[in-house]
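Work through these exercises with the structure open beside you. Try each task before you read its solution.

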Amino acid sequence: MSVLNELHQAGHISRPDYRTPTPTPTDFAATVTAVHRGRQLTGEGTGPSKRQARAEAADRLLQVLQTALSTDADPAAATEPAAVVPAAQGRFG
């Protein structure tokens, strides 16, 4: 999560918006979003605790952001829309 804050401070993304993790029948689900060059990027995560769900969501947003940053270096590849990386099913259970 601190990496997202550093990217925000460096001006690469908007301030990360962490949604309050919600309970599911087996764990918690969390979402974090940020805007990069006008595109909203989203990461989703799950875990047995709110903290772990938020951490997984942040990790998934970082994966999406790394793809977006690499396409910045290659403008021809920037034609694809931003992706949502869903949480892995059963990762913690």
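**Exercise 1. A loop residue**

Where does arginine 37 lie?

Solution. Arginine 37 lies in the loop between E3 and E4. Helices (H or I, at least four residues) and strands (E, at least two) are DSSP runs, numbered from the N terminus. This is a predicted model, where local features need pLDDT of at least 70 and side-chain atom pairs count only at pLDDT 80 or more, while totals for chains, interfaces and linings use all residues. Residues are numbered from 1 along each chain as its sequence is written, and side-chain values use heavy atoms, with hydrogens and water left out.

Step two: check the backbone. Arginine 37 is not a glycine, yet its phi is positive, at about 50°.

Step three: check the surface. Arginine 37 counts as exposed because its relative accessibility is 68%. The cut-offs are these: buried means under 20% relative accessible area, exposed over 50%, partly exposed in between (1.4 Å probe, protein chains only).

**Exercise 2. The overall layout**

Find how many helices and strands the protein chain has, and give their order.

Solution. Step one: count. The protein chain has two helices and five strands.

The order is α-β-β-β-β-α-β.

Step three: look at the whole chain. It has 93 residues, and buried residues make up 32% of them. Now take contacts (heavy atoms within 4.5 Å). Among those between residues at least 6 apart in sequence, 45% join residues at least 24 apart.

**Exercise 3. The largest nonpolar core**

Solution. Step one: define the set. A nonpolar core is a set of buried Ala, Val, Leu, Ile, Met, Phe, Trp, Tyr and Cys residues joined through side-chain atoms within 4.5 Å.

Step two: list the central members. The largest core has 15 residues, and Leu4, Leu7, Ile13, Val32, Leu41, Leu61 and Leu65 touch the most other members.

Step three: assign them to elements. H2 gives the most, with eight.

Step four: zoom in on leucine 4. Beyond four places in sequence, leucine 4 touches Ile13, Pro16, Tyr18, Val32, Ala58, Leu61 and Leu62.

**Exercise 4. Two helices together**

Describe how H1 and H2 cross.

Solution. Step one: recall the method. Two packed helices are described by the angle between their axes and the distance between the axes. Axes are lines fitted to C-alpha atoms, for helices over the stretch in contact, and angles run from 0 to 180 degrees between N-to-C directions.

Step two: read the values. The axes of H1 and H2 come within 9 Å and cross at roughly 45°. H1 is therefore oblique to H2. Angles under 35 degrees count as roughly parallel, over 145 as roughly antiparallel, 65 to 115 as roughly perpendicular and the rest as oblique.

Step three: name the contact residues. H1 uses Val3, Leu4 and Leu7, and H2 uses Ala58, Leu61, Leu62 and Leu65.

**Exercise 5. Histidine 36**

Is histidine 36 buried or exposed?

Solution. Step one: locate it. Histidine 36 is in strand E3.

Step two: apply the cut-off. Histidine 36 counts as buried because its relative accessibility is 4%.

Step three: follow the side chain. It reaches the backbone oxygen of histidine 12 at 2.8 Å.

Step four: list the neighbours. Outside four places in sequence, histidine 36 is in contact with His12, Ile13, Leu41, Leu65, Ala68, Leu69 and Asp72.

**Exercise 6. Salt bridges**

Find how many salt bridges there are.

Solution. Step one: state the rule. A salt bridge is a side-chain nitrogen of Lys or Arg within 4 Å of a carboxyl oxygen of Asp or Glu. The count is two.

Step two: take one pair. Aspartate 17 bridges to arginine 19, with the closest N and O atoms 3.1 Å apart. Aspartate 17 is partly exposed, at 31% relative accessible area. Arginine 19 is partly exposed too, at 46%.

Step three: take the other pair. Arginine 60 and glutamate 56 meet at 3.4 Å, N to O. Both lie in helix H2, four residues apart, about one turn of the helix. Arginine 60 and glutamate 56 are both buried.

Key
A polar contact is a pair of N or O atoms within 3.5 Å; within protein, one must be able to donate a hydrogen and the other to accept it, and residues adjacent in sequence count only if both atoms are side-chain atoms.
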